[in-house]
Amino acid sequence: MWFSRFGTLLATAEAFVNRSPRGYFADELAPALHVEVQDALHQLVQQGRVSRQPVSGRYLYTATDPAMQRRQLLTRRTVEFLPTVADAAVLEVPAEEVKAAILLFYSLLDEQQRRLYAGLESLKLGRGGDRQLADFLDLDPHTVARGRQQLLAQDVEIDGARKAGAGRKRVEKKRPK
């Protein structure tokens with residue numbers, strides 16, 4: 001009985017790690033699976049079913065596929081080294097002024113940039129960030145989630161706000177000749 005549960009834990013942990021765009025640290029995976037995962041992850045590494053890489057003095061569990069592993073490490077290292085200000089009080093600027101500055105900046109962005117910015121800020125907030133940002137910026141939470149997913153997957157259109165052929169069709173001008 002115990003082996004069957006542990007085998008299921010191994011398979012679940014392996015699936016989580018191999019499908020994650022960022023890999024997992026053990027302390028991140030445990031709450032997701034609602035169990036202690038140290039032994040399972042150690043066994044998966046020994047069996048060659050997941051890989052383990054040092055990142056910021058901790059072990060990051062990644063996919064064994066080299067291409068996926070590179071993407072996971074790049075994404076994680078990029079996120080780990082980003083400078084962030086967790087508390088606006090550190091800036092010595094009133095919270096209302098920070099909110100006003102964010103809204104002003106947000107109003108200057110195009111549609112794609114707004115979605116991506118909301119997704120980035122949601123990443124900083126962590127769990128529940130999509131809803132908080134959606135309420136603050138008056139967006140649908142799915143839009144924030146989409147921006148976050150696009151950033152993590154590095155699926156961003158560089159040339160324009162919309163993909164080619166998207167948007168409203170052009171209307172011919174009606175001017176007499």
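Guide: The crossing of α6 and α7 is right-handed. This is a predicted model, and the geometry given here is computed from it. Helix α6 covers residues 111-125 and helix α7 residues 129-137. The two pack at an angle of about 130°, and their axes lie 8 Å apart.

On the α6 side, the contact is made by Ala 118, Glu 121, Ser 122 and Leu 125. On the α7 side, Gly 129, Asp 130, Gln 132, Leu 133 and Leu 137 take part. By class, four residues of this contact are nonpolar, three are polar and two are charged.

Elsewhere in the chain there is an open sheet of three strands, in the order β1-β3-β2, with antiparallel pairing. Strands β1 and β2 stand at the edges with a single partner strand each, so one side of each has no neighbour in the sheet. On one side of β3 (residues 58-62), the pairing with β1 (residues 24-25) runs over two bridges. Within that pairing, Phe 25 stands opposite Leu 60. The pairing of β3 with β2 (residues 51-55) runs over five bridges, and here Pro 54 is set opposite Tyr 59. Strands β2 and β3 also form a hairpin, with two residues between them. In its turn, Ser 56 has a positive phi of about 55°.

As for confidence, the mean pLDDT of the protein chain is 79, with 80% of its residues at 70 or more. Among the elements, helix α3 (residues 38-47) has the highest mean pLDDT, 90. Helix α1 (residues 2-19) has the lowest, 73. Over residues 1-6 the pLDDT is below 50, and beyond near neighbours in sequence this stretch has three contacts in the model.

Definitions and conventions
Residues are numbered from 1 along each chain as its sequence is written. This is a predicted model: local features need pLDDT of at least 70, side-chain atom pairs count only at pLDDT 80 or more; totals for chains, interfaces and linings use all residues. Side-chain values use heavy atoms; hydrogens and water are left out. Two strands pair if DSSP finds at least two bridges between them. Helices (H or I, at least four residues) and strands (E, at least two) are DSSP runs, numbered from the N terminus. Axes are lines fitted to C-alpha atoms, for helices over the stretch in contact, and angles run from 0 to 180 degrees between N-to-C directions. A crossing is left-handed if the near helix is turned anticlockwise from the far one by less than a right angle, and right-handed if clockwise. Contact means heavy atoms within 4.5 Å. Ala, Val, Leu, Ile, Met, Phe, Trp, Tyr, Cys and Pro count as nonpolar, Asp, Glu, Lys and Arg as charged, and the others, Gly among them, as polar. pLDDT is the predictor's confidence in each residue, from 0 to 100.
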